[in-house]
2 protein chains.
Amino acid sequence: MFKVKVYVTLRESVLDPQGTAVKSSLHSMNYNEVADVRIGKYMELTIEKTERDIEEVVNELCTRLLANPVIEDYRYEIEESVVQ
Amino acid sequence: MFKVKVYVTLRESVLDPQGTAVKSSLHSMNYNEVADVRIGKYMELTIEKTERDIEEVVNELCTRLLANPVIEDYRYEIEESVVQ
């Protein structure tokens, strides 16, 4: 079994209205030290071992469903967990 | 300036319908090796240095706005960046 952590973020050049809204909320709560907020997605996947290479599978999942490569970047961490 | 990465996840005991939907989509795309999907939020904050302790500020932001402590857990990483 693999435990995969996927981080999807908007590309630098893409506006992030959700982040802007959170920043405004924080400013209205008097946290004026918050200069910028960018919001992304975090996903934890549990994937069973197959004959395919796990990195190849994860890249496919990311580009086909989890991230939109036009406006988003993704990165991932793969941990192998041993089931007793 | 501090660069803070915040990860917000649903507690283990809380159902994650969004994760279940993503898992179903992946199964319908024939990725049957995906055993579980949990979806969370990932936020990158840029925070200016103040006289307050940065960890204290980040914990406050998380419990007051970014996460719902009743159903969500959060963790964070703080990096100090030196502006030239």
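A polar contact here is a pair of N or O atoms within 3.5 Å, where, within protein, one must be able to donate a hydrogen and the other to accept it. By that rule, chain B and chain A share 16 residue pairs in polar contact, with both residues at pLDDT 80 or more. Keep in mind on the whole tour that this is a predicted model.

**Stop 1: the interface**

Select the residues of each chain that touch the other chain. The size of an interface is often given as the accessible area lost when the parts come together. For chain B and chain A, the buried area is about 3000 Å², with 63% of it on carbon and sulfur atoms. Now highlight B:Tyr31, B:Glu33 and B:Tyr42, which supply 22% of the area that chain B buries against chain A, more than any other three residues.

**Stop 2: the chain B side**

**Stop 3: strand against strand**

Next, show strand 2 (residues 34–47) of chain A together with strand 2 of chain B. The two pair in the antiparallel sense over 13 bridges. To step onto one of the bridges, pick A:Ile39, whose partner in strand 2 of chain B is B:Met43.

**Stop 4**

For one of them, select A:Tyr7 and B:Tyr7: the ring centres are 5.6 Å apart and the planes stand at 65°, so the pair is edge-to-face. Because A:Tyr7 lies in strand 1 (residues 2–10) of chain A and B:Tyr7 in strand 1 of chain B, this pair joins two chains.

**Stop 4: salt bridges**

How many salt bridges cross the interface of chain B and chain A? The rule finds zero there, although the count over all chains comes to twelve. For a look at one, select A:Glu79 and A:Lys5, whose closest N and O atoms are 3.8 Å apart. A:Glu79 is in strand 3 (residues 72–80) of chain A and A:Lys5 in strand 1 of chain A, so the pair ties together parts 74 residues apart in sequence.

Notes. Residues are numbered from 1 along each chain as its sequence is written. Chains are lettered from A and ligands numbered from 1 in the order in which they are written. This is a predicted model: local features need pLDDT of at least 70, side-chain atom pairs count only at pLDDT 80 or more; totals for chains, interfaces and linings use all residues. Side-chain values use heavy atoms; hydrogens and water are left out. Buried area is the accessible area (1.4 Å probe) that two parts lose on being put together, summed over both. A salt bridge is a side-chain nitrogen of Lys or Arg within 4 Å of a carboxyl oxygen of Asp or Glu. A polar contact is a pair of N or O atoms within 3.5 Å; within protein, one must be able to donate a hydrogen and the other to accept it, and residues adjacent in sequence count only if both atoms are side-chain atoms. Two strands pair if DSSP finds at least two bridges between them. Helices (H or I, at least four residues) and strands (E, at least two) are DSSP runs, numbered from the N terminus. Rings of Phe, Tyr and Trp (its six-membered ring) pair if their centres lie within 6.5 Å; planes under 30 degrees apart count as stacked, over 60 as edge-to-face and the rest as tilted.
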